[in-house]
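Hi,

Here is the structure I promised to pass on. Have a look at it first, and my notes come after.

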Amino acid sequence: MPGKDNRPLPGRQEQDDVTSDLVRLMPRDLVFTMRFLGESQNLLQRHFQGFMEAEMAAAGMTEETHPMIHAFIERHALLMRDFVFSGVALTRQFRIEEVERLIGDSTSLLRVDIWDQLRGHIAMAERQFRSQVPGLPQLLSGWAAPAETPPGDR
């Protein structure tokens, strides 16, 4: 992992950086999952909103009896939608070798592209954190250990 100005930290070689470690672990740890986007998300969310409205109305909970019911329904419909899509995505995972075979990537260009993206995002996250370090003492002051109380003041 590089230090300031993207120089390697002491004791760590450039080829040993975390990006290379992540790419080395790709065959074991990287999976591709499906993700539903756009209209599919809206369709399932509307389904759950209608379902919840009908079920709650049948149990006597309507807008007249519970004026804030729509906020509750909307929030819970989002959670139900995300639960369904996450469950489906988890059952449909593909390893990098399978994806490379499917797209005909015999030269592992996909891995090189992923390495580039990982490296760029890691560097961006590190730069962002470095820019926030000067304000951390004030931000973390509430987390500091309490000052020692002299024995006579206890």
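Residues are numbered from 1 along each chain as its sequence is written, and side-chain values use heavy atoms, with hydrogens and water left out.

On confidence: pLDDT is the predictor's confidence in each residue, from 0 to 100. The chain averages 86, and 88% of its residues reach 70 or more. (Helices are DSSP runs of H or I, at least four residues, numbered from the N terminus.) Over residues 1-9 pLDDT stays under 50. Where pLDDT is low, the predicted coordinates should not be read in detail.

Now the packing. Helix α4 (residues 96-103) meets helix α5 (residues 109-132) at about 125 degrees, their axes 10 Å apart; axes are lines fitted to C-alpha atoms, for helices over the stretch in contact, and angles run from 0 to 180 degrees between N-to-C directions. From α4, the contact (heavy atoms within 4.5 Å) takes in I96, E97, V99, E100 and I103, and from α5 L110, R111 and I114.

Lastly, V18 sits in helix α1 (residues 18-29). V18 and R119 are 101 residues apart in sequence, yet their C-alpha atoms are 8.5 Å apart in space.

Cheers

Technical notes:
This is a predicted model: local features need pLDDT of at least 70, side-chain atom pairs count only at pLDDT 80 or more; totals for chains, interfaces and linings use all residues. Helices (H or I, at least four residues) and strands (E, at least two) are DSSP runs, numbered from the N terminus.
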